[in-house]
Amino acid sequence: MFMLTLIYFIVTEALKIKEQRLKYFKQFWNINEMIIIIFSILGIVFFAMKSIATKIAIKTVFESELGEFVDFNTISMWAETCLLYTSD
């Protein structure tokens, strides 16, 4: 649902930019909506990177020999980035 709403807002803002051209960037609320869209996309990217890093680490755990070191630092970095991004 979030993705559909985000796509709707992206299309709406793109149509506004096409219609208003440079006047679009002179209004506070338009800039505010662009910032919201950018941060929403960043949130999706952070979540995707954390998910990809987790999948890779879990796959490595299952493929590794018993006692072999598996690095989980990438997962913790993306988890912390997501936490910092979503916290107040």
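Is glutamate 13 buried or exposed? Glutamate 13 is buried, with a relative accessible area of 1%, where buried means under 20% relative accessible area, exposed over 50% and partly exposed in between, with a 1.4 Å probe and protein chains only.

## Basis of the model

This is a predicted model, in which local features need pLDDT of at least 70 and side-chain atom pairs count only at pLDDT 80 or more, while totals for chains, interfaces and linings use all residues. Residues are numbered from 1 along each chain as its sequence is written, and side-chain values use heavy atoms, with hydrogens and water left out.

## Overall fold

The chain holds three helices and zero strands, and along the sequence these give the pattern α-α-α; helices (H or I, at least four residues) and strands (E, at least two) are DSSP runs, numbered from the N terminus. The radius of gyration is 19 Å, well over the 12 Å that the globule rule gives for 88 residues, so the chain is more spread out than a compact globule. That radius is taken over C-alpha atoms, and the globule rule is 2.2 Å times the number of residues to the power 0.38.

The C-alpha trace spans about 60 × 25 × 20 Å along its principal axes, and buried residues make up 17% of the 88 residues. Of the contacts (heavy atoms within 4.5 Å) between residues at least 6 apart in sequence, 50% join residues at least 24 apart.

## Glutamate 13 and its salt bridge

Glutamate 13 is placed in helix α1, residues 2-20, and, leaving aside its neighbours within four places in sequence, it is in contact with Tyr24, Asn30, Glu33, Met34 and Ile37. Its side chain also meets that of lysine 16 in a salt bridge, at 3.6 Å from N to O; the term requires a side-chain nitrogen of Lys or Arg within 4 Å of a carboxyl oxygen of Asp or Glu, and by this rule the count comes to one.

Because glutamate 13 and lysine 16 are three residues apart in helix α1, they are separated by about one helical turn. Lysine 16 is partly exposed, with a relative accessible area of 26%.

## The nonpolar core

The largest nonpolar core has six residues, namely Phe46, Ala53, Ala57, Ile75, Trp78 and Cys82, and the elements that give two or more residues to this core are α2 and α3 (73-86). Such a core is a set of buried Ala, Val, Leu, Ile, Met, Phe, Trp, Tyr and Cys residues joined through side-chain atoms within 4.5 Å.

Alanine 57, in helix α2, counts as buried at 5% relative accessibility. Not counting residues up to four places away in sequence, alanine 57 touches Val70, Asp71, Phe72 and Ile75; the C-alpha atoms of alanine 57 and phenylalanine 72, 15 residues apart along the chain, are separated by 6.6 Å.

## Surface and loop

Leu22, Phe25, Ile31, Ile35, Ile38, Phe39 and Leu42 form a nonpolar patch on the surface, with about 650 Å² of accessible area together. Patches are made of residues with over 30% relative accessible area and no salt bridge, in which like charges are joined within 9 Å and nonpolar side chains (Val, Leu, Ile, Met, Phe, Trp, Tyr) within 5 Å.

Arginine 21 lies in the loop between α1 and α2 and is exposed, with a relative accessible area of 61%. Arginine 21 has a positive phi of about 55° although it is not a glycine, whereas most residues other than glycine have a negative phi.

How values were computed. Accessible areas come from the Shrake-Rupley method with a 1.4 Å probe; for residues, only the protein chains shown count as cover.
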